[in-house]
Structures are given as structure tokens and as C-alpha cells.
Amino acid sequence: MFADITLESVTFKSNWKKERSLASSGCQTSELVVEEVACQSVKYKSVKTQTEDDSDKFSGFADDNSGHLAEFLRRVEPAMHKQLEMNVKSHAFDDYEVTWDEGSSTMSSIHKLTNAAHDGQFQITGLSWNSTGAVIAASYGRFDHEDWCTHKTSLCTWNLERRNLDENKPDTVLEVSSCLMCTAFHPSNPALIAGGTYNGVVIVWDLSREDDMVLTSSGIGDDSHREPVSKVIWVPDTSSLKKNKYLLVSVSSDGKMLVWKMDRKTKQIELHDGFVLMNMNLPTQLRKSRTMRGDKEVGVTCISYNNENKDSFIIGSEPGAVFKCSMSANGEQPAGNIISSIQLKSPVTFTYAHHYGPVYSAEFSPFHRNAFLTSSMDQTLRLYSMLQKQPIMTLEPGEGVIYSTKWSFSRPALFAATTDTGLLLLYDLTQNQPVPVYKLEAGGLMGNNARAPVLTCQFNQHQNNLIATGDAMGCIQVFRISDSLKTPLSRDLEILGELVDITTES
Amino acid sequence: MAEVEETFKRIQAHKGVIGVIVVNSEGIPIRSTLDNSTTVQYAGLISQLAAKARSTVRDIDPGNDLTFLRIRSKKHEIMVAPDKEYLLICIQSPHD
């Protein structure tokens with residue numbers, strides 16, 4: 001029945017599985033290249049240097065132990081004494097002067113500056129060189145107004161050191177709504193310039209500003225001038241302890257001399273002190289009528305400060321009188337018709353012999369403390385000594401009214417004067433004759449073949465061979481003067497002193 | 001030495017004399033009446049100038065020699081008395 005049967009196994013291939021083939025292989029990376037390098041941080045070394053103190057090096061004089069010094073001196077001393085003696089007595093080199101600078105020997109006009117925009121309708125009323133001597137400023141206006149001034153003028157500056165100087169187009173033009181009568185650059189700050197207008201306003205401009213260059217103005221009020229401002233001048237502030245502090249002084253036809261102080265913080269000018277020139281100060285011959293009130297104001301036309309004593313100044317007036325004044329004077333006060341916040345008083349301390357017409361300019365000499373020049377409508381030029389009432393010298397060149405006169409800054413004996421006939425006259429006090437050494441034609445030619453009157457002139461304090469003149473047609477000429485006139489002679493100051501100092505015999 | 005001082009004083013006392021310097025042959029000052037820096041300046045410059053002047057005179061005529069040198073300027077006159085070992089320099093202001 002049941003028996004064991006072994007059946008053979010039955011195989012069958014899968015129809016979805018494939019046979020895989022296998023193989024065996026090996027791999028390896030390429031050999032790594034390794035390098036070994038060593039480095040180390042920087043080593044520091046400290047070295048010091050120092051300049052040697054020169055004075056230490058000079059250990060004193062050489063010691064002389066040879067004992068021959070006395071013998072040498074004994075030998076040489078007589079010769080030395082003889083030479084020293086001869087030198088003191090010798091006159092061999094008295095007039096001997098050597099000029100090393102090449103310089104020019106002639107006078108020439110190097111620039112003719114105009115403002116084409118004005119077209120010749122305004123006159124040059126004032127000229128000023130700035131504190132570096134490179135820029136010249138001119139104020140335009142007219143002297144012949146009949147009533148209110150409705151002109152619109154300007155203050156123009158030219159920088160003469162610029163290469164592309166356009167003689168007919170100023171570098172800066174500052175518009176002003178009335179005629180400008182005078183201008184003055186600040187003595188140490190080359191950007192500040194002051195001007196006085198026909199309306200009595202004193203304005204200070206700051207040329208370093210970008211937009212509105214007007215820094216401050218005195219405005220039209222009770223404190224400022226009511227008549228044209230004839231002169232503005234910067235004066236060192238003697239009361240201030242700091243150096244380089246300046247006050248601005250303005251004088252005007254209303255008789256007032258106002259001292260303005262610039263407030264450092266607000267940069268505004270404020271009235272600091274004031275003086276007034278009154279009828280009672282005039283010498284009797286000049287007083288118009290006896291019935292006129294003694295305290296009626298008298299117009300002041302020019303002012304100049306003494307170069308050694310900044311407290312004393314001279315003023316020239318419209319009737320022709322010349323006065324010596326002092327900043328600390330406390331003279332008579334006007335009765336009360338002048339309204340002012342500062343009490344005005346008369347500054348007059350001495351009256352000089354008067355001119356016969358308005359005094360157009362008065363200038364103290366920069367070299368001699370007592371000498372001053374005045375020029376006036378009476379066609380004369382006078383040299384006064386501060387200590388004497390009568391003038392030392394009266395010059396009458398015969399060229400019409402003398403509008404301005406200025407001393408040279410480099411030669412004590414040289415001064416210039418400008419005339420109605422369009423000439424710039426240069427006088428040298430070392431010459432024996434009272435005639436000008438040079439006559440330059442400075443005024444422009446007008447229609448009728450005459451020259452325009454030259455109204456103002458100004459020497460350049462830094463480049464002492466330049467002088468600028470301004471005429472009635474609005475043209476500025478800059479002249480170069482010859483070297484013989486610009487370098488001082490050794491006897492200049494002596495000769496000026498001889499003329500001016502009072503001699504006991506006369 | 002007193003004599004040297006005396007001589008110096010005598011020359012210094014002359015009218016218009018500003019200073020007196022004695023320099024040795026190397027150009028180093030030995031005695032002076034002026035301040036250090038001025039003395040050193042004068043000593044160096046003047047001894048060179050004196051040497052040049054002497055060689056100029058001798059070049060023109062070998063038998064000649066420099067006896068005295070005067071330099072006149074706008075402000076002063078410098079007088080130099082040369083010698084083999086020393087140089088005496090005197091500065092005078094002749095005007096007043």
C-alpha cells in the first residue's frame with residue numbers, strides 16, 4: 001500500500017528574474033603629495049631719532065692758548081682804529097646809492113579798469129586796496145546831485161593778480177541802491193570792505209560769503225547819518241586788549257563823526273561813540289553869519305588818523321577849516337536838536353589856518369608823526385605840522401581844484417595829488433623846487449579834448465610801486481612808478497623832519 | 001688776559017661800532033662782543049670771504065698780499081684785518 005517514493009525535484013527558470021553576473025575588482029586613489037613649510041611671526045626692532053639741539057653743538061668759542069692773540073691785536077689795532085676814524089668823518093659815500101633790483105625806470109599805466117555796465121555815467125568816488133595789495137575796489141557814485149539820489153550804483157572789485165583779468169568786467173559787483181561816496185577795505189581782513197552811501201548809510205560787506213555779501217549796515221535811523229557819508233576809515237581799537245580789533249569811523253556832511261564797533265558774535269555794527277562838528281568851532285572868518293546858532297552842524301569832508309597816536313585825528317570841513325581832534329575829547333555838546341542814543345560832543349582840540357574852500361582830503365604822513373597834507377577846492381595843497389597853526393608849505397600847481405592827496409607808503413618825501421585837469425602830480429620833498437617831479441595823465445579824454453577830472457588816488461601799501469587813480473568818467477588807472485620814486489633815499493625822513501619840525505629861530 | 005680785553009674795549013668804544021670778533025685760522029670765533037648766533041654767522045662767512053679775497057690778490061700778483069678788507073653795505077661797514085693765525089672783524093655803522 002504506502003511506500004516511500006522520492007521524486008526528483010523539479011526546477012523551472014524564473015521568467016522575470018535575470019541572472020546577474022558578478023565580477024570582482026579593486027580601486028585606489030592616487031598618491032597624495034605632501035609638502036612641509038614653516039613660517040613665523042614678524043620680529044620687531046625699536047629705533048629712535050631726534051634732531052640735535054643746535055645750541056648744544058656750539059660749545060662756546062675755541063680756546064686760544066697760543067698766546068699770540070695779544071701780539072696780533074697789538075699789531076692790528078692801529079690800522080683798525082684809523083679805518084674806524086676815517087669812516088666816521090668820510091663823506092665819500094654820502095650820495096652814493098646802488099640799485100640792485102632791475103625794475104622799471106619809467107612810469108607807465110599798466111591797467112585801465114572800467115565797469116562796462118555803468119557805461120560812464122558814474123564817477124569813481126573812492127578807491128581802496130585790500131590788505132594783501134592784490135585787489136582794488138572802487139565805489140561808484142556822483143558828486144553832483146541836486147536832490148534825492150535815485151541812482152543804482154555798485155561797489156566793484158578787481159583782482160589784479162589774476163591771469164584772466166578782464167579790464168572791463170570787475171570780479172565782484174556789489175549792488176547798492178544809491179550812490180556810494182567812499183569805500184575802505186579792512187586793514188587786516190581781506191574780505192571785509194566798508195562803504196558809505198549818499199543816503200547816509202554805512203554798509204560793511206563780507207566778500208567771502210557766497211550769497212548776500214552785505215554783512216551789516218547802519219540803516220537809516222536816528223543813530224546814523226542823515227547826509228552823504230564823505231569818508232569811512234578803519235581805525236585800530238586802542239581800548240581793546242586784543243590786537244587786530246578795528247573800529248569803523250564814518251564822517252558825513254551832517255557834521256557827525258560816528259565810531260562804530262562790530263559786535264563779534266552778531267557781526268552787526270553798533271554805534272560806539274560819536275562826535276559832531278558845530279558852527280561854534282569854526283574860526284570867525286568862516287562863520288557864515290553871526291545870527292546862526294553856535295551849535296548848528298558843519299559838514300565834515302575828510303578825516304585822517306595819526307599813524308603813531310591813534311587817539312588824535314584831523315578833520316577837514318566844508319567851509320575850509322582844518323581841525324585837530326582827539327577821540328577822548330569831551331567838548332561842547334549840541335543843544336539837543338540832534339537825536340542820538342550816544343551823546344555827541346565836539347572833538348576839536350586845535351584849529352589850524354583854514355583853506356578858502358571845502359577841504360577835499362587830509363592825510364597824515366605814515367612816517368612822520370607831525371606832518372599832514374590837505375588839499376582843497378581853493379586849488380592849493382598845504383603841508384602842515386600838527387604843532388603849528390600856519391602851514392609849513394602851500395603848493396599851488398595851477399591845475400584847478402585838487403581833489404585828493406596821498407602820501408606814499410614807501411618814501412617819506414613822496415606824495416601824490418590829483419587835479420581837476422585830469423593829472424596825477426607826484427611831488428618829492430627832497431627837491432628844492434616846489435614843482436611836481438612827475439605829471440601823469442590820469443583822466444580819460446572827454447569829448448571836448450579835455451581830460452576828465454581825477455577824483456581820487458590811492459597808493460598800494462604792499463606793492464609800493466603801484467598807484468591807482470579814479471576819474472570822473474568811471475575809469476580806474478593803475479600806474480607803475482619808477483624805481484627812483486619808490487625806493488626811499490636815506491635822507492628822506494631827515495628832510496621831511498627838517499621841513500616839519502618847528503625851528504626855534506622862525 | 002687784560003691786554004686783550006683792553007684792546008677789545010677800546011675798539012668797541014669807537015663811534016658807531018656795533019661789534020668786534022676775533023676768529024682763528026679755522027674760522028672758529030675766539031672772542032666776540034656780539035651774541036653767539038650772530039658771531040658764528042659772521043665768523044664763518046667772513047673768514048671764507050677773506051680767504052677768497054686773499055687768493056684773488058695773490059693770483060693777480062703773487063708778490064702781493066691782502067692787508068685789509070672793507071665791505072660797505074647800506075646799513076654797515078664790515079672791516080677785516082687778516083693775519084696768518086687770526087682774523088679781526090669789526091662792524092661799524094658809519095652814519096650815526
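A:Phe93 counts as partly exposed because its relative accessibility is 32%; the class runs between buried, under 20% relative accessible area, and exposed, over 50%, with a 1.4 Å probe and protein chains only. The model is predicted, so local features need pLDDT of at least 70 and side-chain atom pairs pLDDT 80 or more, while totals for chains, interfaces and linings use all residues. Residues are numbered from 1 along each chain as its sequence is written, chains are lettered from A and ligands numbered from 1 in the order written, and side-chain values use heavy atoms, without hydrogens and water.

A:Phe93 sits in the loop between helix H2 (69–89) and strand E1 (108–114) of chain A. Together with A:Tyr96 and A:Val98, A:Phe93 forms a nonpolar surface patch with about 280 Å² of accessible area. Such a patch joins nonpolar side chains (Val, Leu, Ile, Met, Phe, Trp, Tyr) within 5 Å, from residues with over 30% relative accessible area and no salt bridge. Accessible areas come from the Shrake-Rupley method with a 1.4 Å probe; for residues, only the protein chains shown count as cover.

Now the whole chain. Chain A holds four helices and 28 strands. These are DSSP runs numbered from the N terminus: helices (H or I) of at least four residues, strands (E) of at least two. Of its 506 residues, 47% count as buried. Chain A exposes about 28,900 Å², with 49% supplied by carbon and sulfur atoms.

Next, the partner chain. In chain A, 24 residues are in contact (heavy atoms within 4.5 Å) with 35 residues of chain B. The two chains bury about 2,800 Å² between them, 68% of it on carbon and sulfur atoms. Buried area is the accessible area (1.4 Å probe) that two parts lose on being put together, summed over both. On the chain A side, A:Phe61, A:Met80 and A:Asn87 lose the most area to chain B, together 22% of what that side buries.

Charged pairs also cross this interface. The rule finds three salt bridges there, each a side-chain nitrogen of Lys or Arg within 4 Å of a carboxyl oxygen of Asp or Glu. B:Glu3 forms a salt bridge with A:Arg74, with the closest N and O atoms 2.9 Å apart.

Finally, a buried loop residue. A:Ser365 lies between strand E18 (359–364) and strand E19 (371–376) of chain A. A:Ser365 counts as buried because its relative accessibility is 0%. The side chain of A:Ser365 reaches the backbone nitrogen of A:His368 at 3.2 Å. Beyond neighbours within four places in sequence, A:Ser365 is in contact with A:Asn307, A:Ala371, A:Phe372, A:Trp407 and A:Leu496.

How values were computed:
Patches are made of residues with over 30% relative accessible area and no salt bridge: like charges are joined within 9 Å, nonpolar side chains (Val, Leu, Ile, Met, Phe, Trp, Tyr) within 5 Å. A polar contact is a pair of N or O atoms within 3.5 Å; within protein, one must be able to donate a hydrogen and the other to accept it, and residues adjacent in sequence count only if both atoms are side-chain atoms.
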